[in-house]
Amino acid sequence: MKNTKKIISFIVVMTMILALCSVSAFAAEGETFKIGGIGPLTGGAAIYGNAAMNGAQIAVDEINALGGVQFEFNAQDDTGVAETSVNAYNSLKDWGVQAIVGTVTTAPCISVSAEAYSDRIFMLTPSASSTDVIADKDNMYQVCFTDPNQGIASADYMAENYPDAQIAIIYKNDDAYSQGIRDTFASEAESKGLTVVYEGTFTEDTQTDFSVQVAAAQAAGADMVFLPIYYTPASVILTQANAIGYEPTFFGVDGMDGILSVEGFDASLAEGVMLLTPFSADAEDERTQNFVAAYNDLYGETPNQFAADGYDAMYILYAALQEAGCTPDMSAQDICEALVGVMPTISVDGLTGQGMTWSATGEVSKAPMAVVIKDGVYVLPEAAE
Amino acid sequence: MVFFTYLISGISLGSVYAIIALGYTMVYGIAKMLNFAHGDVIMVGGYICYIALNSLGLPAIVAVILAMIVCTVLGVVIEGLAYKPLRQAGSLAVLITAIGVSYFLQNAAQLIWGATPKNFTSVVHFSLPAGLMSVGLSSEALITVLACIVIMIALTTFVNRSKLGKAMRACSEDKGAAQLMGINVNRTISMTFAIGSALAAIAGVLLCSSYPVLQPTTGSMPGIKAFTAAVFGGIGSIPGAFIGGLLLGIIESLAKAYISTTLANSIVFAVLIIILLVKPTGLLGKYAPEKV
Amino acid sequence: MKNMKKSTKTDFATYAGVTAAFLIMYALQRGGHLTSSISGQLVPICCFIVMAVSLNLVVGISGELSLGHAGFMSVGAFGGIIAAQSLAGAIPSAPLRLIVALVVGALCATVVGFVVGVPVLRLRGDYLAIVTLAFGQIIKDLINCLLVGYDSHGLHIVFNISGLKSINDLHLEETGKAIIKGAQGAVGVTKIASFPAGFILVMITLVVILNLVRSRTGRAIMAIRDNRIAAESVGLNITKYKLMAFVISAAMAGAAGALYGLNYGSLVASRFDFNTSILVLVYVVLGGLGNIWGSIIATVVLYMLPEALRQFSDYRMLVYAIILILVMLVTNNAQLKALLGKLIPHKKEAAGNE
């Protein structure tokens with residue numbers, strides 16, 4: 001009878017769950033746009049999700065303070081898993097979502113955008129950068145660069161400025177972002193006649209120790225190390241290279257942004273690191289500085305590029321909704337069609353780019369900026385010399 | 001020459017695994033349970049040390065001791081609240097509870113300290129002569145290896161010589177008989193958890209000193225690897241955990257260097273499988289003949 | 001004889017219960033009375049029920065702790081995706097293609113289950129557990145190296161061990177389609193899984209496993225679990241029976257994986273890591289070892305729990321962890337067990353034998 005008791009207790013829990021679900025299913029019609037957010041708020045990828053959603057929240061607060069169109073923002077956790085992401089999407093649908101800022105990571109975004117495509121709900125991802133995210137979906141737009149864009153830009157930059165570099169690549173090969181950039185970089189580097197002397201990989205499970213990859217890059221004689229990875233593993237690579245006295249030029253992409261704000265990281269190690277980034281928390285313009293100050297106040301951290309992408313995503317949505325003349329009483333489907341119509345026509349100034357425009361495929365057009373870290377801040381490469 | 005660099009990086013990685021594995025194997029030997037939350041206690045140890053160093057500005061040695069105290073208390077509390085009530089239940093029930101504890105610690109850590117990784121400030125402050133540095137030996141690696149050897153010797157002596165150590169061995173052999181001989185089994189198990197958790201704190205500090213990313217999931221993968229190392233050496237055996245950890249680190253490092261960085265983990269696991277097929281109870285595990 | 005009847009009754013109650021639950025949910029779904037949230041969880045729940053029930057065959061019935069069950073799900077999922085995506089032209093009917101994909105997934109997992117099972121089952125206890133964990137990790141890493149594409153010449157498969165190859169190395173034709181892009185996983189998968197298919201898969205699993213358990217083979221498997229030496233001494237072929245349970249369980253997991261894979265637009269191998277294996281194990285243990293009915297309910301409740309806890313936002317997974325610990329304590333605490341044991345004396349003996 002032990003089992004009977006168990007079963008009864010399960011049924012009780014079950015009933016409670018269903019009761020909870022039905023409570024959360026109340027979706028009141030209001031004067032505000034219901035904007036959903038999806039990203040990993042817990043788990044291993046939580047830094048990216050939290051940053052993007054926090055950035056978006058700041059934008060929402062600012063937009064609401066303007067007094068015009070009002071936004072209601074509901075950020076849901078997907079733990080970085082496609083399945084949970086679709087679940088999060090479904091619960092946003094129950095809430096009555098009208099447009100979505102998300103998802104933050106690539107693989108979940110592909111799954112969710114397939115659902116959103118058939119449901120006709122407009123999606124704008126802050127940071128899912130693979131081309132597969134936007135492929136064949138007219139209602140899916142990106143704020144960040146696509147991966148090929150970054151790989152090609154990096155290779156072109158190196159070919160122009162360091163044609164004789166002996167290049168080592170260290171990348172994360174179970175991550176679509178890193179692998180995607182590496183693939184286009186490798187083929188572009190080959191066609192530009194760049195020399196790649198070493199390629200090392202790592203995975204989610206082995207991203208704490210790079211002593212072997214670093215030593216191998218050193219042994220192969222690399223004087224330029226290309227790191228198409230996020231800043232957390234990059235900070236370890238810099239630390240470990242320093243520990244064995246290896247000092248090549250490190251070259252990163254937008255994921256590298258944030259390395260100076262890693263708590264406890266010795267920023268002097270990042271001296272001379274080059275990166276292509278659309279956003280810099282040290283930028284002098286007023287808007288970036290206000291954003292950085294607001295973020296610091298609310299969350300006690302310096303925002304990284306994900307936060308800026310999230311912030312921009314919300315403003316892009318705001319601009320597009322106004323351009324299309326949408327009102328909060330429209331259905332998600334009507335809003336979607338209206339936004340799909342205006343997205344290729346608008347131009348938005350954001351933290352991650354001036355005059356961002358979009359092609360009808362959903363790809364953003366903005367210029368990546370090459371910067372060098374000097375005395376703990378980003379400067380243009382010319383100024384560093 | 002570069003081979004020595006790889007070897008040294010393997011030994012230093014291996015010693016971290018070994019220290020974690022020592023904690024695993026102690027708890028397993030006495031409580032006969034796989035404590036999946038062990039890796040997360042390591043993470044907590046890392047955070048406590050980080051805060052003591054960076055926010056409170058305490059000296060390194062005080063920070064390490066503070067981390068050990070907090071982890072010891074945490075270990076005993078976890079044992080008392082989550083594992084003790086299940087002493088009579090099947091080992092799987094305890095395993096699942098340990099997983100629950102692991103989820104709990106990870107998520108609590110995220111709520112307290114945030115998801116953003118912190119770059120751990122090494123507790124080791126001296127640097128080695130340039131000659132040693134050039135072959136890839138860092139001061140952290142040296143301290144880790146030394147700490148590992150000291151801990152192993154201390155643990156072996158403790159378990160073999162001290163009264164409590166004997167009580168632990170008795171509990172490990174036969175809980176019922178130990179109880180009849182006047183040993184307080186519950187207290188002995190609590191003590192084992194206390195020691196295991198203190199070791200976890202040291203492991204956390206050394207792990208983060210060498211591989212300086214500290215985030216709520218920091219402990220999980222090293223935890224699994226250390227568990228593998230403990231089984232590799234023969235679970236329950238203290239020298240076994242030490243050898244298992246070292247071998248695992250060296251194999252991982254050399255596989256990364258010479259075979260494939262992508263498949264390094266797989267190669268480690270493949271070697272483990274082969275060893276277990278040849279020696280089904282690990283390298284130094286005891287063979288327990290089944291009684292009919 | 002009486003005992004026999006009782007178990008048959010339980011089995012039919014299980015079939016009837018599952019069918020009734022399906023019919024109610026399906027009717028609600030068709031009528032549009034379900035929230036999108038619940039309706040979206042129906043297929044994955046079916047997949048995880050199959051996973052839990054099949055793992056129960058290994059852990060509960062056969063008595064071996066497996067920590068790599070998600071590996072078989074992974075093999076089945078990617079096998080199924082390859083089949084479904086590459087046959088999109090040859091078999092236009094989605095349900096038919098789904099069936100083919102499930103069969104392919106199950107077959108792939110069967111082969112892998114056999115390859116893994118032969119060495120693994122020579123080991124015992126925690127050593128066996130760690131080796132299944134190791135195989136789960138190896139499968140994940142190997143799938144991360146897999147590049148698969150399809151064009152008019154058929155399937156192109158490249159095994160990217162060095163990590164240096166990319167989808168361009170498949171040399172697909174212009175019209176060709178990449179199916180699996182290594183660690184980036186399967187992308188652009190056409191979603192063909194459906195709730196009725198999930199229900200049918202659950203029913204097939206239940207029929208196979210319940211009949212196996214009640215058969216001569218099943219009794220042999222349980223005899224080996226309860227006393228290996230005694231079973232051996234009466235002439236049971238230990239390896240054969242253990243392998244049988246292991247491979248059948250792997251095949252079911254493969255089919256579940258195929259269904260799961262075809263329910264989402266993208267899939268990465270790291271989804272089927274150690275944590276997923278553990279998750280399924282939690283379903284099994286919480287539902288009761290060897291208790292099929294319990295596995296089903298535990299899966300449904302525990303799968304829906306994190307979704308239902310969404311309103312706790314940041315505290316969601318923390319609350320989940322606390323609930324998990326509390327449920328384990330309440331259902332397994334010695335005092336509570338003893339209390340129940342006093343009320344029903346013969347049950348206590350049965351519990352003691354577990």
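**Figure 1. Gly39(A) stands opposite Asp77(A) in strand β2 of chain A.** Welcome to the first close-up of this predicted model, in which local features need pLDDT of at least 70, side-chain atom pairs count only at pLDDT 80 or more, and totals for chains, interfaces and linings use all residues. Residues are numbered from 1 along each chain as its sequence is written, while chains are lettered from A and ligands numbered from 1 in the order in which they are written. Ile38(A) likewise stands opposite Gln76(A) in β2(A). Seven bridges join β1(A), residues 33–39, to β2(A), and the two strands run parallel; strands pair if DSSP finds at least two bridges between them. Helices (H or I, at least four residues) and strands (E, at least two) are DSSP runs, numbered from the N terminus.

**Figure 2. Strand β1(A) is covered on both faces.** Phe33(A), Ile35(A), Gly37(A) and Gly39(A) are buried on one side, with Lys34(A), Gly36(A) and Ile38(A) buried on the other. A residue is buried if 20 or more other C-beta atoms lie within 10 Å of its own, exposed if 12 or fewer, and partly exposed in between, with C-beta atoms placed from the backbone. Because seven of the seven residues of β1(A) are buried, this strand is largely enclosed by the rest of the structure. For β2(A), residues 71–77, five of the seven residues are buried, so β2(A) is also largely enclosed.

**Figure 3. Cys326(A) sits in the loop between α11 (305–324) and α12 (332–342) of chain A.** Cys326(A) is buried, with 22 other C-beta atoms within 10 Å. Leaving aside its neighbours within four places in sequence, Cys326(A) is in contact with Leu321(A), Ile335(A) and Ala338(A); contact means that the C-beta atoms of two residues, placed from the backbone, lie within 7 Å. Look also for Phe33(A): it is 293 residues from Cys326(A) along the chain, yet their C-alpha atoms are separated by 9.4 Å.

**Figure 4. Chain A is divided into domain 1 (33–145 + 288–365) and domain 2 (148–277).** The bounds come from an automatic or database domain assignment. The C-alpha centres of these two domains of chain A lie 29 Å apart. Twelve residues of domain 1 of chain A are in contact with twelve residues of domain 2 of chain A. On the domain 1 side, three of these are nonpolar, eight polar and one charged. Here Ala, Val, Leu, Ile, Met, Phe, Trp, Tyr, Cys and Pro count as nonpolar, Asp, Glu, Lys and Arg as charged, and the others, Gly among them, as polar.

**Figure 5. Helix α6 of chain B, residues 139–161, with its packing partners.** At 1.5 Å a residue, its 23 residues should span 33 Å, and the end C-alpha atoms are 32 Å apart, which agrees; the expected span is 1.5 Å times one less than the number of residues. Buried residues of α6(B) include Ile143(B), Cys148(B), Ile151(B), Met152(B) and Leu155(B). The buried residues of α6(B) pack against α1 (2–31), α7 (163–173), α9 (185–210) and α11 (238–258) of chain B.

**Figure 6. Chain C meets chain B, with 38 residues of chain C in contact with 41 of chain B.** The elements giving two or more residues to the chain C side are α5 (125–144), α10 (274–287) and α12 (316–332) of chain C. By class, that side has 27 nonpolar, six polar and five charged residues.
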